[in-house]
Amino acid sequence: MLIDSHCHLEYEGLVEDQGSVLTRARDAGVQGFLNISTKQSEWDQVVATAAREEDVWASVGIHPHNADAHADLARETLLEATKHPKVVGIGETGLDYYYDKSDRRVQQDLFRMHIDVARETGLPLIIHTRDAEEDTAAILEDEMGKGAYPALIHCFTASAEFGERVLALGLSISLSGIVTFKNAKDLQEVAKVIPADRMLVETDSPFLAPVPHRGKTCEPAYVANTAQFVADLRDTSMEALAEQTTRNFHALFAKTKAPA
């Protein structure tokens, strides 16, 4: 049984037929879903879906693309939102210098605020980073020096060196359908050596559908394709990888083990 550790169930392509999307995933062996928010206006919706569906959990946070629009978000507002019993993570947050849709300093300040809330609550941080490896790693290292916090690099596509730096901080790494792409050879090499107890799998649906679904709208059922590909890369069975990554998910997102 698998967990899709990162999906956007409220996004176009999934939300229109969310019930069928979840049913197809459950039929494919997916037993849990982490429904991710990227801006404050989504928080109520992702939490409502999690409250309605026993096997769905929610995160609250601000994607770096949306940082400018949330530059004045109060720490207390984010902290209050984490108190819902089905909110199990903080994010996604982080840095994106590829699109630069928000001022980099605003991205950095908001990222640090999310880290501070993760440290206080003990809820894991869900980190997006693109073309910002050095600043992301530097902030994570600086903040870890102020006090430990749990965190995950979602949809990992970064360098092996970045992977080593975040693993040294105790972070986990989640692999998306990108690892199945033919041009992802470097990522595939990283996927082979991620410590077994620090690896998760995800879809980031409705984006990044894995082979053989590439080009289609991605949905949580496809996490099975990514898991099978990674199991083959690591010369292990699908069953063993599913069991390990599910155990890792519940260990990291410890609130998922509590009664809803």
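Close-up 1. Ser176 counts as buried because its relative accessibility is 2%, where buried means under 20% relative accessible area, exposed over 50% and partly exposed in between, computed with a 1.4 Å probe on protein chains only. Ser176 sits in the loop between β7 (172-175) and α7 (185-193); helices (H or I, at least four residues) and strands (E, at least two) are DSSP runs numbered from the N terminus. Once neighbours within four places in sequence are set aside, Ser176 is in contact with Cys155, Glu202, Leu208 and Thr226, a contact being heavy atoms within 4.5 Å. This is a predicted model, in which local features need pLDDT of at least 70 and side-chain atom pairs count only at pLDDT 80 or more, while totals for chains, interfaces and linings use all residues. Residues are numbered from 1 along each chain as its sequence is written, and side-chain values use heavy atoms, with hydrogens and water left out.

**Close-up 2. Ser174 in strand β7.** Ser174 lies in strand β7 and counts as buried, at 0% relative accessibility. The side chain of Ser174 makes a polar contact with the side chain of Glu202 at 2.8 Å; such a contact is a pair of N or O atoms within 3.5 Å, and within protein one must be able to donate a hydrogen and the other to accept it, with residues adjacent in sequence counting only if both atoms are side-chain atoms. Leaving out residues up to four places away in sequence, Ser174 touches several others, among them Ser5, His154, Phe156 and Val201.

**Close-up 3. Cys7 and Cys218.** A disulfide is a pair of cysteine sulfur atoms within 2.5 Å, and by this rule the count comes to zero. Cys7 is in no disulfide, since the nearest cysteine sulfur, that of Cys218, is 9.3 Å away. Cys7 is buried, with a relative accessible area of 0%, and Cys218 also counts as buried, at 0% relative accessibility.

**Close-up 4. The largest pocket.** The largest pocket has a volume of about 540 Å³, a volume being the space filled by probe spheres set on grid points that are joined across faces, edges and corners. On a 1 Å grid over the protein atoms alone, a pocket is an open set of points where a 1.4 Å probe fits, with protein on both sides within 12 Å along at least five of seven lines, and lining residues have an atom within 4 Å of a point. Of the 20 lining residues, the closest to the centre of this pocket are Asp96, His128, Arg130, Asp204 and Leu208.
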